Amino acid sequence: MLSVFDSSEGTDGFVRLEVSPYLARDTEGSMIEAKRLYKAVNRANNLKTIV
C-alpha cells in the first residue's frame with residue numbers, strides 16, 4: 001500500500017489501524033495506544049481510527 005500512497009501523492013493507499021474498543025471510554029488510554037501504534041508501524045500511510 002505504501003507504493004500506492006507514494007504514487008497518489010498521499011491521497012490513497014492508507015492502512016487503517018483501530019484502537020481497541022476496550023478503550024472506548026478511556027480517552028487518555030486511547031491516545032496512548034494510538035501513539036504506540038503510530039510508532040510501531042512507522043509509515044506515513046498509517047491511519048488510526050478511534051471509535
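Glu33 and Arg36 both sit in helix H2, three residues apart, which is about one turn of the helix. Their side chains meet in a salt bridge at 2.9 Å, N to O; the term stands for a side-chain nitrogen of Lys or Arg within 4 Å of a carboxyl oxygen of Asp or Glu. This is a predicted model, where local features need pLDDT of at least 70 and side-chain atom pairs count only at pLDDT 80 or more, while totals for chains, interfaces and linings use all residues. Residues are numbered from 1 along each chain as its sequence is written, and side-chain values use heavy atoms, with hydrogens and water left out.

**Overall layout**
- The chain has two helices and two strands, and from the N terminus on they run α-β-α-β.
- The radius of gyration of the chain is 12 Å, well over the 10 Å that the globule rule gives for 51 residues, so the chain is more spread out than a compact globule.
- That radius is taken over C-alpha atoms, and the globule rule is 2.2 Å times the number of residues to the power 0.38.
- Helices (H or I, at least four residues) and strands (E, at least two) are DSSP runs, numbered from the N terminus.
- Along its principal axes, the C-alpha trace spans about 35 × 20 × 10 Å.

**Surface and interior**
- Of the 51 residues in the chain, 24% are buried; buried means under 20% relative accessible area, exposed over 50%, and partly exposed in between (1.4 Å probe, protein chains only).
- The accessible surface of the chain comes to about 4100 Å², and 54% of that belongs to carbon and sulfur atoms.
- Accessible areas come from the Shrake-Rupley method with a 1.4 Å probe, and for residues only the protein chains shown count as cover.
- Met1, Val4 and Val15 form a nonpolar patch on the surface, with about 230 Å² of accessible area together.
- Patches are made of residues with over 30% relative accessible area and no salt bridge, joining like charges within 9 Å and nonpolar side chains (Val, Leu, Ile, Met, Phe, Trp, Tyr) within 5 Å.
- Val4 belongs to helix H1 and is partly exposed, at 31% relative accessible area.

**Pairs of side chains**
- The structure holds two salt bridges: besides Glu33 with Arg36, Arg16 meets Glu18 at 2.6 Å, N to O.
- Arg36 is partly exposed at 45% relative accessible area, and Glu18 is partly exposed at 48%.
- There is one aromatic pair in the structure.
- The rings of Phe5 and Phe14 have centres 5.2 Å apart and planes at 75°, so this pair is edge-to-face.
- Rings of Phe, Tyr and Trp (its six-membered ring) pair if their centres lie within 6.5 Å; planes under 30 degrees apart count as stacked, over 60 as edge-to-face and the rest as tilted.
- Phe5 is buried at 13% relative accessibility, whereas Phe14 is partly exposed at 39%.

**A buried serine**
- Ser30 lies in helix H2 and is buried, with a relative accessible area of 5%.
- Leaving aside its neighbours within four places in sequence, Ser30 is in contact (heavy atoms within 4.5 Å) with Val19, Leu23 and Ile50.

**Two positive phi angles**
- Most residues other than glycine have a negative phi.
- Glu9 has a positive phi, near 55°; this residue is in the loop between helix H1 (2-7) and strand S1 (15-18) and is exposed at 73% relative accessibility.
- Asn42 also has a positive phi, about 55°, and is found in the loop between helix H2 (27-41) and strand S2 (46-49).
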